[in-house]
Every structure is written in C-alpha cells, then in structure tokens.
Amino acid sequence: MTPVGIRFICAVGLLLLVTICYPATAQVVINEVFVHPAADPVDPFYQSMVDCANPTFGEEWIELYNTSRCDTVDLGCYMLGAQFSASNGATFAFPSGTVIPPLSFIVVGGANVPGVDFTLSAFCGTANLCSPGRWTLENDKGWVALYDPAGNVADAVFWTPAAGQAPLLTSDAVYGSQPCVPATCAVSGLKAASTMTPGTEIAYAGKTAVSGLAMARPSDGAAGWQTDVAPTPGACNGTCATASDLAVTVDTFANETCRLNNGWIKITISGGAAPYRIDWSNNENTDSIGGLSEGSYSVSVTDASGCEVIGFFPIANVGEPLAAEIIPQDTTIFPGDSIRLTVHSDVALFSYLWSPENTLSCSACAAPYANPVELTRYTVIVTDSNGCEATASVVVNIVSDENSVFIPTAFTPGIPGPNAAFMLRSPKISALELHVYDRWGNELFSTTDMNQPWDGTRPGGQMVDTGIYVYYAVIKFISGKTKIFKGDVAVLR
C-alpha cells in the first residue's frame, strides 16, 4: 500500500490518483516485548535495551505494529516509555519523519538485536533518549507504554509473575511512578501505570518463563511467548490482515467539446474489500459520470476496510461553439434554373454534409449548385477541426409560369421613363397575343409581338384619355403551357 500523499500519474491527461485513508482507523500497538527470563541480578548484556556505559550490550527489544490495512502512521515524537525499578524510568522519542506503513513494524532494542530499526545505544546523550544510562526490562514485573506526542497513552502492556497481579503493579510506588520525558518532546509528564488503561495484560499465568524466548501479547493469538529470541518481522501475533490493494484506474475519459457539456469519466475499481462507496465532487455515486462541462472533478472510493483512493480529473474544453449560414438566404428561382449555395463561417470548416442531395451538384462540398423542381429546404451540417458542429438551412422556392409574368397596373404615356408604356414581361414567354379595350369594348390596341408595348394611343395615334382600360392576353410559355390573363390598367397623366 502506498503511503499517504503519494500521487500516481495516470495515462490519460493529468489525472491524479492519491491513495489515502482515514487517520482515525490507524492504530499502532505494542506487538512484542522481549523480556529476558534470566533471574535478577544478571549480566546487563541480557536484560538491557541500552547501557550507555557499555553500548555494545543489549539483547532485549520492543516491537510496534501498525494494525491498519491502509494507513501509514507518522510516529514523529511518539514516545516509548517503561518503568521497571526505582532507577529505571526510561523513555525514547521517535525522531521526526519516522513512519510505519500499513501492517508493518518497527523494532526498538539493544545493540545485539537482529533487524532492529532503532538501536537505543545510538541515542545515548541525545534529546531523544531520557534514560539514567541503562534501560533494563526486568523479568519479575513491569510495564511498557506507547505515548502520542501529547503524552496520552496509545497502548500499554503489563507483565507479572502470576495472572491477576496488574493491580498490584499499578499501585506499587516504584513501578507506578512516571518515566522521564525526553527534551525533544514538549510534554509536561507521562502517565504512570496507575493512571493508564493497558491494552491487554501480559501475564505468566503462574508459569516460569521458558529461557531465551520472547514475550508477546496473548490477545494477539500467539500466547505468552514467541519461539525465537529474535524479533519476528511481519508477524502480527494473531489474525493478520492483508495489506489493501484498493486501486482506481481510469477506464474511459473524454474532455468537453464545443461548450456542449459532453465530457465524461468512467473509472474501474479493483482490489480492496467490497462493498465500495463512490463519492464524486458533483454528488454522483456511480462508477461513471457524464454531461460534464469544463472544470476539475474528483472521486473518492472507500472500501469496507476504510481504505480510500481519491482521483482528480481536470476536464478541459476543446473547441468553441460553431456558427454558420448559407448565402444567399431564402430565395426564389425559375423552373429549370440553378443557384449556388455557399456556406459562410468565421472559422475554417473541416467537413460539409448537405441534404437532400438528389438536386445538388455535390453533398460534401462547400458550395454546391441547387436545381430544385419544387420548393425545397436545403440543410448543411458543418464541422471544424475540433469536431464542433453547426447546422444551417435555406429555402429555395420555384416561381410558377404564371407568377413569372409582370403586368403593370398603371402607366403614364407621354412621360419618358420606365412607366411610359404598357407591356407584359416574363423570361418564360415564348409567344404572346395582347388586346386592349376601352370601357365600351372598342379595341384600342392588339399585337402578337411580345416586345411591342401599348403606348396609350388609339388607332390613328391619338392619345387616350386618363382612365381605366381593359386588357386581354394569351401567353404561351417556354414550358408549353398556355395561360389567359385579363384585367384593368390605369392610364395616368
């Protein structure tokens, strides 16, 4: 398991996964204590953790064990204290930066202890060791306590020659006194045996200790003594937990595009102890979230053992919203004619998709020609290099033959200008027969020349009076259709 604060860089973008745990779940216990079983008085080599006058001596030791599956515990300025006689109230303060990873251990002991992490003789004369020069673990009775940086007891063990004698130990004036305090730690005083609650009493139960063997906590399952005088690294003396392998990996990931809230993240959870609790920063609780806009998102995955993995996911926006229009806008053409439709946008376009394509010269180009046979709405979907889309449309209407004919409602004969004569005009006319009558039915003008207008005169050349006159026209169109037009036209002066 990775210590708190270590970051993993994932393969997709700058996605950070941080493995942490709740500090409240971490617990360090005094797992093993080796008290040499030789009777007092003995050579200090056997019953010493430290003898500053003889720094090469020391066979006894204490092992601390981190019971958490996932928490790394910082032991900076934790204190390990003991009381065994009136002259032995020693305490050792762990240096800053001392940590115990999950389900790992630290051994503190004498110079002759194999695999020891902190040899106490190396701290003789330093602020981390408060000792009268020699630290002895006597085999008749005594106690060891682990203190937190505030001086509170994190764990404590007691041993006596017979079961049930812990109350006598705590009330004894010698063994119930406080150990000294290292200058390294600003603690006013450490608790004595009479004021602490032991985790579990270690008792010989009336039996003589087997020579050369170490003592462990009976509640941890290994009974009163270990099988070797050397520490047993990794043995938790009970039902050992398994280090957490809880892991969160990125399954799939996509940034937001075009400001469309379409980013998404999917994670895969492995290891740890099911069931898992998933908590996203946007209050979702599933293994995937979508509809994401630009921003930073995080997920916390906690397993049944309290191990937690936190992932950080920055969602970026790729591309801005796209706008496009078709030029010309809605328009009208004559049957058989074509018109070019051109897409305009403020950014460079990457692709085009026109529809309906059956009356277009191309469906994937920027400016196709349209040749509709009826009113048609043309639509184009365009994309830019970022994949952002825009849609535009235009209506192309078809002018009918009869609607193509322009017939003036009035004209001003004799006055130069575009309204000086009366004429029917259309680009679709192939033949024309035009008649003009006065209100009494007298024919004033007739022609079959579609380019000859009525100039407002009677037969003989006299100008007609101001008034309303009637026209009658038969028009044949290029399409082959024939249509009769009739109506009134006003002559103005």
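**Close-up views of a predicted model**

**View 1. Three strands form an open sheet in the order E18-E20-E22, with antiparallel pairing.** Start at the two edges of this sheet in the predicted model: strand E18 (247–254) and strand E22 (288–292) each have a single partner strand, so one side of each is left without a neighbour in the sheet. From one strand to the next, the twist averages 15 degrees.

**View 2. Here we look at how E18 meets strand E20 (residues 263–270).** The two strands run antiparallel and are joined by seven bridges. To find your way along the pair, look for valine 250, which stands opposite isoleucine 267 in E20.

**View 3. Threonine 359 sits in a loop, between strand E30 (351–355) and strand E31 (369–370).** Is this residue buried or exposed? Threonine 359 counts as buried because its relative accessibility is 18%, and the cut-off for buried is under 20%. Leaving aside residues up to four places away in sequence, threonine 359 touches Tyr369, Ala370, Asn371, Pro372 and Tyr378. With tyrosine 378 there is also a polar contact between the side chains, at 2.6 Å.

View 4. Of its 493 residues, 43% are buried. The accessible surface of the chain comes to about 23,000 Å², and carbon and sulfur atoms account for 53% of that surface. Among contacts between residues at least 6 apart in sequence, 60% join residues at least 24 apart.

Terms used
Residues numbered from 1 in each chain as written. Predicted model: local features only at pLDDT ≥ 70, side-chain atom pairs only at ≥ 80, totals over all residues. Heavy atoms only, no water. Buried < 20%, exposed > 50% of the residue type's maximum accessible area, 1.4 Å probe, protein only. Contact = heavy atoms within 4.5 Å. Areas by Shrake-Rupley, 256 points an atom, 1.4 Å probe, with all protein chains shown as cover. Helix = DSSP H or I, 4+ residues; strand = E, 2+ residues; numbered from the N terminus. Polar contact = N/O pair within 3.5 Å; in protein donor to acceptor, adjacent residues only side chain to side chain. Pairing = 2+ DSSP bridges. Axes fitted to C-alpha atoms, helices over the stretch in contact; angles between N-to-C directions.
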